[in-house]
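Please brief me on how the parts of this assembly meet. Start with the protein–protein interface, then turn to the DNA.

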Protein chains: 2
Amino acid sequence: MPEPAVRRLSLYLRELEGLLDRQCETISSRQLGSLLNLTDAQVRKDLACFGQFGHPGVGYRVSELVVRIRSILGTDRTWNALLVGSGHLGRALLSYRGFARKGFRLIAAFDNDPTKINQRVGAEPGILVEPMDRLPEAVARRGIEMAILAVPQSVAQTVADQLVAAGIKGILNFAPASISVPAHVSVATVDLAVHLEQLAFRICTRQVELERQTAGKQQGADAIGGPSR
Amino acid sequence: MPEPAVRRLSLYLRELEGLLDRQCETISSRQLGSLLNLTDAQVRKDLACFGQFGHPGVGYRVSELVVRIRSILGTDRTWNALLVGSGHLGRALLSYRGFARKGFRLIAAFDNDPTKINQRVGAEPGILVEPMDRLPEAVARRGIEMAILAVPQSVAQTVADQLVAAGIKGILNFAPASISVPAHVSVATVDLAVHLEQLAFRICTRQVELERQTAGKQQGADAIGGPSR
DNA sequence: GCTTGTGAAACGTTTCACAGCA
DNA sequence: TGCTGTGAAACGTTTCACAAGC
């Protein structure tokens, strides 16, 4: 199953949910692609990986496709998640409404800092920050399958190990570190600084590209004796 | 220039900076790869794209490689950045120390919500949240090249247009929407909900894989009449 | 011995082009 | 006409294998 196709599936779903709000009933692969700067063939190939959802001559029915993609991604149900690390980022994530809209419920929070334990964080009524030793029981008792890791780099691996031991099946890791887990556990790492770094690189590269293009055009113009403008 | 190689360059740098702290002087492609679950050949090919940094029989000198990669990524200097949207996520990003460590300075913040304007946010002394109409002047006067977009989906494109008009060269977009900008501007989108969705998919898939594996083994054992255990 | 850098082979992804269908 | 689904071609990335160097 092509990994890039799975990544794009989430993006298709995001756009389709938007179209649903605007009561758009059907959409062609070309239209959906143009929303994400993809070719029509790309969209069709991606969707065809998972079944035949389209209607020749018509396109894709938005509501139908939304249901299908949710079912493929496993977001046609709610997932319970917990948070470890109630620093600035952790608290922001607890308050983020985007997760709930997609069916993810953050229902517990943990930290090992005594000054943070027993505080209530997030939108009213808030979630109680519990000490780390309560984690295993919470996972078992409250049916929590996912964890959001928002702790400092230095303790990321240790906490990840605790999460795995507690029976967590997937970790969304915001710590700037690559963590290792057993094969039955999935990890997705989001390193915010890395994304800014990539942006810096792209800005530099874009700048150079444009300069080269301009220079090339000028030289070309010079060579054929065209107007330098 | 292979796009995946550039992505990994940031990860190499992150690991190398860690090794530098632990006074590790040299590292082989195999060792560096194992930190990130990559093959040694992958590491060598990636680095070779940008020059000859290695020393046969020795490996790569950590401090040298750090300098080289920073120079390639364009993070051998500081970048000034601004933030738009001082909601929960925006304020968390202003307080995040990881950016400063990588040479990114968040030096201005904007919002169009009157209740947020003129507040000070982030670590002491804090950054003053200014109204959107001050944005163009701030970009020009303070040499700001990057923007972090942490606004709701509904206004993401509008604000992006304002940023472009103000002369911003790169946007790190946290809004759950794909935004379009002219070719001379770079965008990186980080959709937090999408990452959780991908994690949900991987958890489901992993579960099925393991079940199939177990079933396969059992069947295999049955077929050859081995112990069913 | 161990290491890098690199052409060549293997693999995966995207694009093309068109048959089949409403 | 307009659309999907799909084999085939084109393109890009990763892995292999080994010469060259410490």
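A:Arg14 and B:Asp191 form a salt bridge, with their closest N and O atoms 2.8 Å apart (a side-chain nitrogen of Lys or Arg within 4 Å of a carboxyl oxygen of Asp or Glu). The rule finds four salt bridges across the interface of chain A and chain B. This is a predicted model: local features need pLDDT of at least 70, side-chain atom pairs count only at pLDDT 80 or more, and totals for chains, interfaces and linings use all residues. Side-chain values use heavy atoms, without hydrogens and water.

**Interface of chain A and chain B**
- Helix α9 (residues 192–223) of chain A gives the most to the side that touches chain B, with 16 residues (helices are DSSP runs of H or I, at least four residues, numbered from the N terminus).
- That side of chain A divides into 36 nonpolar, 14 polar and ten charged residues (Ala, Val, Leu, Ile, Met, Phe, Trp, Tyr, Cys and Pro count as nonpolar, Asp, Glu, Lys and Arg as charged, and the others, Gly among them, as polar).
- In contact are 60 residues of chain A and 60 residues of chain B (heavy atoms within 4.5 Å).

**DNA strand D**
- DNA strand D is surrounded by 24 residues (one heavy atom within 4 Å of the strand).
- Among the closest are A:Arg44 and B:Arg8.
- The surface near DNA strand D holds eight nonpolar, ten polar and six charged residues.

Terms used. Residues are numbered from 1 along each chain as its sequence is written. Chains are lettered from A and ligands numbered from 1 in the order in which they are written. Helices (H or I, at least four residues) and strands (E, at least two) are DSSP runs, numbered from the N terminus.
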